[in-house]
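Subject: Structure for your review

Dear colleague,

Please find below the structure that I am handing over to you. I should be grateful if you would read it together with the notes that follow.

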Amino acid sequence: MAPPRILLCGDVLGRLNQLFKRVQSVNKSAGPFDALLCLGQFFPDSPDRLDEFMDYVEGRSEIPLPTYFIGDYGVGAAKVLMVASKSSANQGFKMDGIKIANNMFWLKGSGKFTLHGLSVAYLSGRRSSDGQQFGTYSQDDVDALRALAEEPGVVDFFLTNEWPSGVTNKAATSDIPPGISDSLGCDSTVSELVAEIKPRYHIAGSMGVFYAREPYSNIDAMHATRFLGLAPVGNKAKQKFLHALSPIPASTMSAAEISMKSPNTTTSPYTFVDQAANSKEGTKRPSTNVSDSQYWRYDVSQKRQKHGGGDGDGDGDKLCFKFIYSGSCPRGEKCNFRHDTDAREQCLRGVCLDFIIKGKCEKGPECSYKHSLQTEDESHSHRRTRSENAGSNRSKECWFCLSSPNVESHLIVSIGEYYYCALAKGPLVQDHVLIIPVEHSPNTISLSLECEKELGRFQNSLKMYFKKQGKEAVFFEWVSKRGTHANLQASIFLALCDKLMIILYPYPAKAVPIPSSKAAAVKDIFNLAAEKLGFKFMSMQSTSNSDGRRSLRTQFDKNFNFFYVELPGGALLSHVVEENEKFPAQFGREVLAGLLNMADKADWRNCMVGKEEEIKMAEDFKKRFEEFDPNQ
């Protein structure tokens, strides 16, 4: 069977007439092509082009072949995408595209799907901190891609809107477009993702120019990656905006075929290995052997001279990072670089790698590692300090840690010793509440007995509050092995007394009201959703909340993702997510949103309100909850 033929396009900017005229010409002369993938801004950049764009969306103009886009921003984007999200045909899990019109598909958020045998991963939108409803990606989207990167198999195409930071590192300067700077318009998150996903082709738009980088080797992978940056449709410089590829799917290639590299292959332009990723002055070994890229070697000549060893020349004075960091090197005695046991021991004792290698560290007090050589007696106390500092750094970056400067303090409604309550950002319904550990904790299942007791008090208080309104509670939790901050979520609804209250916790999930007439069917609904994903829940019955959570702890393994649902009457459904199993992090919310015909609210970004309204909601909730608040 002939390999698929794919067209790739840069920022469309709503110029669909020009794009499809060109596509039809290419299709006639060099086709037929199977699909068109569009990167960068897809929607118009001016209201003047909106009528032209809507002709295709509303079916007055014909789209010549299946067209997929990830640039969900521009004039008219919010209206078009909101209508598509509400369509009953687009409910559920749509990693292979939400249908906007005949032959037009929106790749929303992030995901991976198979297109004519090719494995395609994508990140929709751009990086932004302003919480836009459309056109930006979330941390959940990034985490989902990282989980997909762990799955077996090679990704053929990785689609992003923005270029990755550092992509021009180690590239031939003569090929780099004039005026291109990694500090402008590039995304470091995309760099991290592409280094983890290791696609055969990475295609992006948004920079306004065409750039085909030489292929580069990947760390811990046989195959090389090629980066393509595409220019916008109709650009004045007449740079290439349409590119054709016909790759053989990696799934059908032999190891010898997929590992073949062209003579101009460079080492990887990305340097992401924990602490060493931040070293700006570490000198990596120049080498023509592309397989050396995985060892992350640094010049240690200063260190050797300091201790009187050698003249600083030759590979003998360069440190094998693989050995220093992990304690072993797959090359063994064949490695050209020093396996320094002293440096390895200092690393284990918490000494900064930059300090070991260069005798100094540019991070200064922000570095959480030791800037002096450690004796065995000193190492124990430092390991404790290092752990505490690392925890402190995580707390500063986490949205949920109470000590973090990023916490949305105006949403907090009650604070206990181990947990606090806050209204949800992007609430699914009114009075959507989160119960969050005060300290950085990845889940609620493995916390201490004292934490469990306080969690129980919070839950019981909310249950009493719900009961006064004629409501009951259902809980579910998604626990990620990647260690995101746990958050137990609940909602209070101004609904009729025949409504059932759903509380969802702790990972991206929200709460929704379910008619009590459907309460008995909730278990069947979750079982049906599980069946569609190819797994079955483990079912058990508990007589009390503590018994149920004790049972859950016997199933929980921190090395695996974990999901469970607690239903009225004490029934529990749970599932340990296997290593290579596909499981959407938004599973609970999407199932319930679909059940209630609220598909447009399955994404929290569709539910965001302004800060003033959030403040008013928090104050109103405090007044209503005051008599039940366990911390009053």
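The notes below set out what was found, from the whole chain down to single residues.

Please bear in mind that this is a predicted model.

Overall composition

The protein chain contains 16 helices and 28 strands. Of its 632 residues, 53% are buried. The accessible surface amounts to about 28800 Å², and carbon and sulfur atoms account for 49% of that area. Among contacts between residues at least 6 apart in sequence, 66% join residues at least 24 apart.

Aromatic pairs and charges over rings

The search of the whole structure returned 29 aromatic pairs. One of them is formed by Phe113 and Tyr122, whose ring centres are 6.1 Å apart with the planes at 65 degrees; since an angle over 60 degrees counts as edge-to-face, the pair is classed as such. Phe113 and Tyr122 are both buried.

Another pair is that of Phe535 and Phe583, which is tilted, with centres 5.6 Å apart and planes at 45 degrees. Phe535 belongs to the loop between helix H13 (522-533) and strand E26 (538-541), and Phe583 to the loop between strand E28 (571-577) and helix H15 (587-595), so the pair ties together parts that are 48 residues apart in sequence. Phe535 has a relative accessible area of 6% and is buried; Phe583, at 12%, is buried as well. These two residues also belong to a cluster linked by ring pairs, together with Trp478, Phe526, Phe537, Phe563 and Phe587.

Two arginines are placed over ring faces: Arg5 over Phe33, at 4.9 Å from the ring centre, and Arg126 over Tyr73, at 3.6 Å from the ring centre.

Asn218 is located in the loop between strand E13 (216-217) and strand E14 (224-229). Is this residue, Asn218, buried or exposed? Its relative accessibility is 7%, and because buried means under 20%, Asn218 counts as buried. The side chain of Asn218 reaches the backbone oxygen of His223 at 3.1 Å, and it makes a polar contact of 2.8 Å with the side chain of Thr225. Apart from neighbours within four places in sequence, the residues in contact with Asn218 are Lys198, Pro199, His223, Ala224 and Thr225.

Helix H12

Helix H12 covers residues 449-468, and its 20 residues should span 28 Å at 1.5 Å a residue; the end C-alpha atoms are 29 Å apart, which agrees. The buried residues of H12 include Leu455, Phe458, Leu462, Tyr465 and Phe466, and also Glu452 and Glu454. Just after H12, Gly470 adopts a positive phi of about 75 degrees.

Backbone points to check

The peptide bond from Gly31 to Pro32 is cis, with omega near 5 degrees. Pro32 sits in the loop between helix H1 (16-30) and strand E2 (35-38).

Two residues other than glycine have a positive phi. For Ser206 the value is near 75 degrees; Ser206 is in the loop between strand E11 (201-204) and strand E12 (211-212), and at 30% relative accessibility it counts as partly exposed. For Lys238, phi is about 55 degrees. Lys238 lies in the loop between E14 and strand E15 (242-245), and its relative accessibility of 76% makes it exposed.

With kind regards

Technical notes:
Residues numbered from 1 in each chain as written. Predicted model: local features only at pLDDT ≥ 70, side-chain atom pairs only at ≥ 80, totals over all residues. Heavy atoms only, no water. Helix = DSSP H or I, 4+ residues; strand = E, 2+ residues; numbered from the N terminus. Buried < 20%, exposed > 50% of the residue type's maximum accessible area, 1.4 Å probe, protein only. Polar contact = N/O pair within 3.5 Å; in protein donor to acceptor, adjacent residues only side chain to side chain. Contact = heavy atoms within 4.5 Å. Areas by Shrake-Rupley, 256 points an atom, 1.4 Å probe, with all protein chains shown as cover. Phe/Tyr/Trp six-rings, centres within 6.5 Å; stacked < 30°, edge-to-face > 60°. Lys NZ or Arg CZ within 6 Å of the ring centre and 35° of its normal. Expected span 1.5 Å × (residues − 1).
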